[in-house]
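Below are some questions about how the features of a structure get their labels. Each answer sets a value against its cut-off.

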Amino acid sequence: MALFGTDSLVLRYSNLEQAKRWWMDAFDCKAVRVPSEWDDPLPSDVALKLPGYDEPTILLSDRTGAEQAHLDRSVAVPVIFSSRLRKAHEHLSRRGITVGQIQGDEAPHFFEIRDIEGNVIEICEET
C-alpha cells in the first residue's frame, strides 16, 4: 500500500528543476511523460507519479510559462492523503522536511509542510 496518494495536484514554481527534485526526494516521485489527455500541457510541464500508482497525479508547471499562456494553475492548498498519517509524518521528517504537528480533534487528522518555494501542502489522513 502506498504511503501517499492524491487524485490530482497542479503546482506552479519559479524554479521547476528544483521543485521536481524536491518532490522526488520528499515523496519518492518519478518523473514521467505528461499524458496527452491532460488539459493545456506546456512544453516545460513535469508530470510526477507517486510510488504505488500507475499513472501520474502531480503536475508541476513553470510559473512564468503558465502566466504567459494565461493558464490558471493555482489551487488554494494542495492536499495529499495518507492512510498512515504518523508514518507519513515520520517519513517526511526523516527527509529533512519541516513538518507541522498533527492536528484535528476528530478524524480526519492532518499536518502541514512547506515545499521548496514555501507553498503550504496539507497531508491529510485518508479515512
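Q: How many bridges join E2 to strand E3, and in which direction do the two run?

A: There are 3 bridges between E2 and strand E3 (residues 46-49), and the two strands run antiparallel. Strands count as paired if DSSP finds at least two bridges between them, so E2 and E3 are a pair. Within this pairing, Ala31 stands opposite Leu48 in E3. Helices (H or I, at least four residues) and strands (E, at least two) are DSSP runs, numbered from the N terminus. The model is predicted: local features need pLDDT of at least 70, side-chain atom pairs count only at pLDDT 80 or more, and totals for chains, interfaces and linings use all residues. Residues are numbered from 1 along each chain as its sequence is written, and side-chain values use heavy atoms, with hydrogens and water left out.

Q: What makes E1 and strand E2 edge strands?

A: The open sheet has 4 strands in the order E1-E4-E3-E2, with mixed pairing. E1 and strand E2 (30-32) each pair on one side only, and they are the edge strands.

Q: What makes Phe4 and Phe27 an edge-to-face pair?

A: Rings of Phe, Tyr and Trp (its six-membered ring) pair if their centres lie within 6.5 Å; planes under 30 degrees apart count as stacked, over 60 as edge-to-face and the rest as tilted. A search of the whole structure finds 4 aromatic pairs. One of them is Phe4 with Phe27, at 4.8 Å centre to centre and 80° between the planes, hence edge-to-face. This pair links distant parts of the chain, 23 residues apart: Phe4 is in the segment before strand E1 (9-13), Phe27 in helix H1 (residues 16-27).

Q: Why is the pair of Trp23 and Phe27 called stacked?

A: Their ring centres are 5.0 Å apart and the planes lie at 25°, so the pair is stacked. Trp23 and Phe27 both lie in helix H1, 4 residues apart, about one turn of the helix.

Q: Which residues do ring pairs link into a cluster?

A: The cluster consists of Phe4, Trp22, Trp23 and Phe27.

Q: How do you know whether Phe4, Phe27 and Trp23 are buried or exposed?

A: Buried means under 20% relative accessible area, exposed over 50%, partly exposed in between (1.4 Å probe, protein chains only). Phe4 has 5% and is therefore buried. Phe27, at 1%, is buried, and so is Trp23, at 0%.
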